[in-house]
Amino acid sequence: MLLRAYQPSDCKILANLFYHTVHTVNTKDYSDEQINAWASGNIDLKIWNDSLLAHYTVIAEIDDIIAGFGDIDKTGYLDRLFVHPDYQRQGIATALCDKLEKSVNSPKITTHASITARVFFEKRGYTVVKEQQVQRHNVFLTNYVMELILS
């Protein structure tokens with residue numbers, strides 16, 4: 001596995017990976033209506049690219065295929081972490097998180113974890129600060145504000 005920096009030419013691939021992952025991996029925890037609201041397939045690539053460039057964004061590649069990505073901002077907010085469905089449970093999310101968490105000079109890392117991702121983050125030592133309902137296209141989804149206190 002190769003971990004590398006994000007490049008704007010990756011943006012469309014990441015948007016597709018996000019859509020495909022949510023519509024495959026997260027279906028056990030969210031309804032079809034919630035999945036479609038969360039990942040509608042109508043991502044504004046300019047906004048995503050600007051956000052990914054503003055954050056520290058890491059790409060995981062296996063055999064020249066983008067298998068996952070994650071990004072974190074300077075405050076320690078881990079924004080996105082997605083692994084392609086065909087590459088789940090191979091240590092990709094762990095490798096991405098390791099790199100992202102080490103990149104910030106912050107006393108804690110915060111993320112908004114899906115129901116699906118909660119267990120992954122708990123195994124990394126994150127704790128739930130609160131459960132919340134977020135609205136996407138007039139549909140409510142449960143997620144968790146989680147944090148990791150760095151020593």
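## Ile-43 and its loop

Leaving aside neighbours within four places in sequence, Ile-43 is in contact with Ala-15, Phe-18 and Trp-48. These contacts belong to a predicted model. Ile-43 sits in the loop that joins α2 (32-38) to α3 (45-54). Because its relative accessibility is 26%, Ile-43 counts as partly exposed; that class lies between the limit for buried, under 20%, and the limit for exposed, over 50%.

A longer distance can also be given for this residue. Between Ile-43 and Val-83 the C-alpha to C-alpha separation is 18 Å, and the two are 40 residues apart in sequence.

Glu-33 is part of helix α2. With a relative accessible area of 55%, Glu-33 is exposed. In sequence, Glu-33 and Leu-141 are 108 residues apart, yet their C-alpha atoms are 9.7 Å apart in space.

His-137 belongs to the loop between β6 (127-136) and β7 (139-149). Its relative accessibility of 60% makes His-137 exposed. When residues up to four places away in sequence are not counted, His-137 touches Ala-37 and Ser-40.

Ile-72 is a residue of strand β3. Is Ile-72 buried or exposed? At 1% relative accessibility, Ile-72 counts as buried, since the limit for that class is under 20%.

The contacts of Ile-72, not counting residues up to four places away in sequence, are His-55, Tyr-56, Tyr-77, Leu-78, Asp-79, Leu-100, Ser-103, Val-104 and Ile-109. For a distance across the fold, the C-alpha atoms of Ile-72 and Ser-51 are separated by 10.0 Å, and the two residues are 21 apart along the chain.

## Positive phi angles

Asp-63 is not a glycine, although its phi is positive, at about 50°. The residue is found in the loop between β2 (56-62) and β3 (65-72). Asp-63 counts as exposed because its relative accessibility is 70%.

Arg-89 is another residue other than glycine with a positive phi, here near 60°. Its place is the loop between β4 (77-83) and α4 (92-102). Arg-89 has a relative accessible area of 81% and is therefore exposed.

## Cysteines

How many disulfides does the structure hold? The number is zero. A disulfide is a covalent bond between the sulfur atoms of two cysteines. The cut-off applied to a pair of cysteine sulfur atoms is within 2.5 Å.

Cys-11 and Cys-97 can be described by their accessibility. Cys-11 counts as buried because its relative accessibility is 4%. Cys-97 is also buried, with a relative accessible area of 0%.

## The largest pocket

Rolling a probe the size of a water molecule over the atoms shows where empty space is left. In this model, the largest pocket holds about 1,300 Å³ of space.

Its lining is made up of 50 residues. Those that lie nearest the centre of the pocket are Asn-26, Leu-81, Phe-82, Ser-114 and Ala-117. By residue class, the lining of the largest pocket divides into 25 nonpolar, 17 polar and eight charged residues.

## Annotated span

An unreviewed UniProt entry lists residues 1-151 as "domain: N-acetyltransferase". In the model, the span of residues 1-151 is 34% helix and 36% strand. The end C-alpha atoms of residues 1-151 lie 28 Å apart.

Key. Residues are numbered from 1 along each chain as its sequence is written. This is a predicted model: local features need pLDDT of at least 70, side-chain atom pairs count only at pLDDT 80 or more; totals for chains, interfaces and linings use all residues. Side-chain values use heavy atoms; hydrogens and water are left out. Buried means under 20% relative accessible area, exposed over 50%, partly exposed in between (1.4 Å probe, protein chains only). UniProt positions are given in the numbering used here, feature names are shortened, and annotations may be inferred rather than shown by experiment. Helices (H or I, at least four residues) and strands (E, at least two) are DSSP runs, numbered from the N terminus. On a 1 Å grid over the protein atoms alone, a cavity is a set of points where a 1.4 Å probe fits but cannot get out, and a pocket is an open set with protein on both sides within 12 Å along at least five of seven lines; lining residues have an atom within 4 Å of a point. Grid points are joined across faces, edges and corners, and a volume is the space filled by probe spheres set on the points. Ala, Val, Leu, Ile, Met, Phe, Trp, Tyr, Cys and Pro count as nonpolar, Asp, Glu, Lys and Arg as charged, and the others, Gly among them, as polar. Contact means heavy atoms within 4.5 Å.
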